[in-house]
Structures are given as structure tokens and as C-alpha cells.
Amino acid sequence: MDALRAQLVAQPPGVPIRLAKPTSNLFRFREPPGRQALDVSAFAGVLEVDPVARTADVGGMTTYEHLVDATLPHGLMPHVVPQLKTITLGGAVAGLGIESSSFRNGMPHESVLEMEILTPDGDVVLATRDNEHRDLFAGFPNSYGTLGYALRLRIELQQTKPYVALRHVRYPDAKACAAGIEEHCADETLEFVDGTVFSGDEMYLTLGTFTDHATEVSDYTGQRIFYQSIRDRVTDTLTVRDYIWRWDTDWFWCSKALGVQNPVVRRLWPRRYLRSDVYRRIVAMDRRRGLSARVDRFLGHPAREAVIQDIEVPVERLAEFLDFFDREIGIRPVWLCPVQLRESTGWPLYPMAPGRLFVNVGFWATVPLRPGQPDGTHNRLIESKVTELGGHKSLYSDSYFTEDEFWPRYDGETYRELKKIYDPRGRLPDLYAKCVGNQ
């Protein structure tokens, strides 16, 4: 820890502070960090799992893949495990995260008991819900590393069973699907609820429960593809590990754009490379070199806009959003994930009303731009609609808000007070500069 603090303090004024992380799940692409990036490799590991207290002490740079590997042998897992293996615990807390347990367990930061946070001036503070740094504890989620970095976290864990039994329920339209979400999220026997929308009249909710026994277990880590099974099977069973990572093998369905779902390519593609971080590196290289854009221009195709977002809207407005999305954007499939905060007080920088059921809608693709449309056209439409419907937008990807639009949505008043206390010299960019200005 002393070495990291010294490295941070030694950074010259005006030099951007970056972490030397081997992976990223952000879709605000920047140049790789330079030699002055902070070496945080010492904070990537599980320090202790306490199976009696059902807690884990974890380095902030630990990936969920390694965290799950450490907890499952004890019959335990985090309350919420975001979908992709290389998401780090610190990243999920500072940048939010969800999964199919979020209708019951909220977001990853709601299972945090304490955090050791390195501030931009080199101080390390212990933040909990009720100590002198409780304002930082509450304001750290959705701060995206602009208030400091989580070096160690203690989190709650939940018990698991060896398998997860699934049931896929089809709905004919968005209104029926939204009603199904409300119904199933009130069912105390369910552990997991998420959904997949293939078209306006073909939507599924996947309902999961832990179970000790299985007569037949599916494997979607090789030639078979999980999201395709949703349309073909009414029931299914996966090991708990395979359920947790069911989306990672094919990056939900986005591996199709890279040709990996082609049966011939898939047979040749090494199994160890069927994972989201490999696909993301390919996309990052394409973005840096502009390969796809050059091919489109050569073929005379229209320019395309990346529409890679997760948004939340209240469940009662879901049908309205999906109707708008079909009409204006047209990406399919999309993911649905209900989420409801555990905490009764909420979290200031991502102001969701406690006790209210929201639905995350995830969509990750490109759409063609019509002549005269600037890049960002479709993302701006989405941002405006989500605001109109009383929802929120995650900040891991491109954003187009003006500052006047941005700060009321993410509690700029509270954020500025935290910035004065924990980064008075402005060594890190503020939330708008980082998440919209991509600094």
C-alpha cells in the first residue's frame, strides 16, 4: 500500500492519473495507460472468505471470476455477480453492476460492509455506513474512480446450492412481459429473474431457483449457445458456476458480430478464448484502427453509430420504452433485468427510489446513420426518452449530456461536496469530464 501511495503522490501536477489494469469493461475507449499508470496489481486477490460470517475480504482489483472461484468451494457467492468474468469488484462498486439476482439483492455496492479507499491526495480512509466517512461510502457508487480507488472491500455473501433450475416463460408483448416481471419479482421462491426480447411479440423471462439435484445438466461453454436455448427449451438446469457465467461465453449474443457463432468458426475457435474479455479486445482494436468503418466506406454502406448502453426505467414504463426502442432504434435481442434497491435510503449519485421496481434494458450493437445525422443521434434520443420516463442511464459507455442535463440526473450538489473533501486539488477529473468528456 505504501508503494502505491508513493507512486500516486509522485505523479506530476496535470498528468492524468490512470490505473494499470490488464482488462476493462468500459466502452468509453481511450488510449492505453502509459508508463506512469498506477500499479494496482497487489490489490487483485481474495484475502479471506469467512464461511461462518458469510463475508469476504477482497482486493478492489479482483475480478469476479477469481472471487467466485474462491467463494463457491464454501457454498457461497456474492449477492450480485455482474455478467462478465473480468469485471472487478472495485469497478462494479464504483461503476455499478446488476444481474438476475438484483430484483432481490439490489446492486453490488449494497452488499459492501466496508471499503478502504485511496483518495487522490494519497490518503487511505476506511469508509463504512456509519463512520466519519459515511458520506464517501454512500457517494462512492457511480463515482467511476473520480473520488478515489477502492483497495479493499469487505462484502456479504449468500449461500448457494450446486445447481440452478431454470424456466423460460414466453410473453406475446411488452405489456404482458412487464406484468410478468412484477408478478415474478414478488415470488419469494425465486432467486433469479431476467429476460430476453427477441422481437415485439417474442419475449421471455428466465426464472431461476437453486437446487441440490439435477437429472440432466446443460453445458453452454462450448459449441452450444445459451441465449439460443431460451427459445428452444421450457426448462433447463446449469451448475451454479455455469449459470453465473452463462452470458460471458458469448458476451450475451454479441459474439455473433465477430463470427464466433458460425458453427465452422466455433469448432476452430479455442474454447479458452470463448469469453468476453477476448471479444472486447478485438472490438477495442477495431475501434482504434477503424477497420470496420473503412470496410463500410469501401462497400458504400452508411456510417454506423455504436449504441452500447444499459438503462433503467420503472417497470410500469417498460412497455413504453420498448415500443419507442423498436420504432427509433431497432436493435434485437435486448436484455431485461429487474432491479430494486436493498437500502431504504438510496445512493445519491445514482438516485433510484428505494422500494420501487425498475427494469434494466441492455442493448449493445451499432445502427446505421441516415444522411445528415451526426454520430450520437440515437444515443441522444435514448437519453431523452429515459429521462422522460423517470429512468437512469449507466455511464460505462458513451454519453452525450450537456453539463446542465448531466448534473441534476446524478446529484451534482452532493458530488461537488464530496469532491471538495476528498479531492480538493482536483487531481482526478470530475464525473462529467470522465464519463462524458472521456478524460
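Student: What should I know about the model before we start?
Tutor: Residues are numbered from 1 along each chain as its sequence is written, and side-chain values use heavy atoms, with hydrogens and water left out. Totals for chains, interfaces and linings use all residues, whereas side-chain atom pairs count only at pLDDT 80 or more and local features need pLDDT of at least 70 in this predicted model.

Student: How are the axes of helix H12 and helix H13 directed relative to each other, roughly parallel or roughly antiparallel?
Tutor: Two packed helices are described by the angle between their axes and the distance between the axes. Helices (H or I, at least four residues) and strands (E, at least two) are DSSP runs, numbered from the N terminus, and axes are lines fitted to C-alpha atoms, for helices over the stretch in contact, with angles from 0 to 180 degrees between N-to-C directions. The axes of H12 (residues 318-328) and H13 (residues 377-388) come within 11 Å and cross at roughly 165 degrees. Angles under 35 degrees count as roughly parallel, over 145 as roughly antiparallel, 65 to 115 as roughly perpendicular and the rest as oblique, so H12 and H13 are roughly antiparallel.

Student: Which residues of H13 meet H12, and how do the residues of this contact divide?
Tutor: Contact means heavy atoms within 4.5 Å. On the H12 side are Glu320, Phe321, Phe324, Phe325 and Glu328, and they meet His378, Leu381, Ile382, Lys385, Val386 and Glu388 in H13. Ala, Val, Leu, Ile, Met, Phe, Trp, Tyr, Cys and Pro count as nonpolar, Asp, Glu, Lys and Arg as charged, and the others, Gly among them, as polar. The residues of the contact of H12 with H13 therefore divide into six nonpolar, one polar and four charged.

Student: How many disulfides are there?
Tutor: A disulfide is a covalent bond between the sulfur atoms of two cysteines. Here the rule asks for a pair of cysteine sulfur atoms within 2.5 Å. The closest cysteine sulfur to that of Cys177 is in Cys185, 10 Å away, which is too far for a bond. By this rule the count is zero.

Student: Is Val260 buried or exposed?
Tutor: Val260 lies in the loop between helix H8 (240-244) and helix H9 (263-268). Leaving aside neighbours within four places in sequence, Val260 is in contact with Ser255, Val265, Arg266, Trp269, Leu274 and Tyr279. Buried means under 20% relative accessible area, exposed over 50%, partly exposed in between (1.4 Å probe, protein chains only). Because its relative accessibility is 0%, Val260 counts as buried.

Student: What is phi of Trp251, and where is this residue?
Tutor: Most residues other than glycine have a negative phi, and most peptide bonds are trans. Trp251 is in the loop between H8 and H9 and is buried, with a relative accessible area of 10%. Its phi is positive, near 55 degrees.

Student: What is omega of the cis peptide bond at Pro333?
Tutor: Pro333 is found in the loop between H12 and strand E12 (334-339). A cis peptide bond joins Arg332 to Pro333, with omega about -5 degrees.
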